[in-house]
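Please read it alongside the sequence and the structure.

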Amino acid sequence: MHGIARQNRAPIRPQAPDVRGEKGRQLNQQTLSMRLERVAAHVPAGARLADIGSDHGYLPVALLRRGLIAAAVAGEVALTPFHAAQRSVRENALDSGISVRLANGLAAIEPGDGITAISICGMGGETIRDILDSGKARLNGEERLILQPNGGEQPLRQWLMDHGYRILCEEVLRENRFFYEIIVAERAGPVSYTAEELYFGPLQLQARSPAFLAKWQRMLRLKQKTLAHFARARQAVPEEKVQDIARQARWISELLA
Ligand SMILES: C[S@@+](CC[C@H](N)C(=O)[O-])C[C@H]1O[C@@H](n2cnc3c(N)ncnc32)[C@H](O)[C@@H]1O
């Protein structure tokens, strides 16, 4: 098992002058979004990275161009992004360092790849969980997981706990109007998190960063809106559902109190 490997802290600066927000800005293998820059910072130096759901392959291409990883696999399940990743790799003459594979989830990884880090980013937490679960036979337990779920963090943390992964680092970041979470984990034997820790993130709960608090302020408003909507709804909402949202609103209120 790796220790807590050194994070890549080399300044990763956009080289193109016109850096706009993630929505609509010109992203490429040099100019990553802030979200992907933060993901990049958690990839251990010298890693052999599998980037699953790589889309254009921007993350592995940027990391290899910067000399921060040794090699990568870019896995894609869909044909159009698979071709886009192939193009990025070809245009950067990185064919010898990045293998682009059309595959579902962790099926992109082959035993001989010697993968030491896996990134799965920009998908729902449940999708990331399902990718990990259906591909768990391909995990050797030595890889660092760098996960960036868009929602569904709780079921993803539940899977990590159930499979002996300790959360080493967590981040909430805000880019434009959106909040993103990054969860970094490694297999460490049995770990136990409380229901609140699975919901908010065990390390986030302690660190209480401004972005984390801002995210949960917004979430509280959304939960309260949902509860008000339930109260006005013509058709009865199942009591279990109302109680679940009410419990979440209570936890968030307590967090922010
Ligand atoms: C929204 S994009 C995110 C791209 C990139 N990872 C990022 O964070 O910017 C999600 C990508 O994941 C791919 N994807 C979804 N499910 C997948 C799976 N089971 N295996 C491989 N790729 C998958 C999609 O085809 C899509 O290109």
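Helix 8 (residues 210-232) and helix 9 (residues 239-256) pack at an angle of about 145°, with their axes 9 Å apart; axes are lines fitted to C-alpha atoms over the stretch in contact, and angles run from 0 to 180 degrees between N-to-C directions. Helices (H or I, at least four residues) and strands (E, at least two) are DSSP runs, numbered from the N terminus. This is a predicted model, in which local features need pLDDT of at least 70 and side-chain atom pairs count only at pLDDT 80 or more, whereas totals for chains, interfaces and linings use all residues. Residues are numbered from 1 along each chain as its sequence is written.

On the side of helix 8, the residues that meet helix 9 include Leu213, Trp216, Leu220, Leu227 and Phe230, and their counterparts in helix 9 include Val242, Ile245, Ile252 and Leu256; contact means that C-beta atoms, placed from the backbone, lie within 7 Å. By class, the residues of this contact divide into 13 nonpolar, five polar and one charged, where Ala, Val, Leu, Ile, Met, Phe, Trp, Tyr, Cys and Pro count as nonpolar, Asp, Glu, Lys and Arg as charged, and the others, Gly among them, as polar.

Helix 4 (125-134) also packs with helix 5 (residues 153-162), at an angle of about 25° and with the axes 7 Å apart. That angle makes helix 4 roughly parallel to helix 5, a term for angles under 35 degrees. The contact is made by Gly125, Glu126, Ile128, Arg129, Leu132 and Asp133 of helix 4 with Glu153, Pro155, Leu156 and Trp159 of helix 5, and these residues divide into five nonpolar, one polar and four charged.

| Helix pair | Angle between axes | Distance between axes |
|---|---|---|
| Helix 8 and helix 9 | about 145° | 9 Å |
| Helix 4 and helix 5 | about 25° | 7 Å |

Around the ligand there are 17 residues, the closest being Gly53, Asp55, Val77, Cys121 and Gly122; a residue is near the ligand if its C-beta atom, placed from the backbone, lies within 6 Å of it. Strand 2 (69-76), strand 4 (117-123) and helix 4 each supply at least two residues of this shell, and the largest share, three residues, comes from strand 4. The shell has eight nonpolar, seven polar and two charged residues.

The chain as a whole has nine helices and seven strands.

Methods
Parallel < 35°, antiparallel > 145°, perpendicular 65-115°, else oblique. Contact = placed C-beta atoms within 7 Å.
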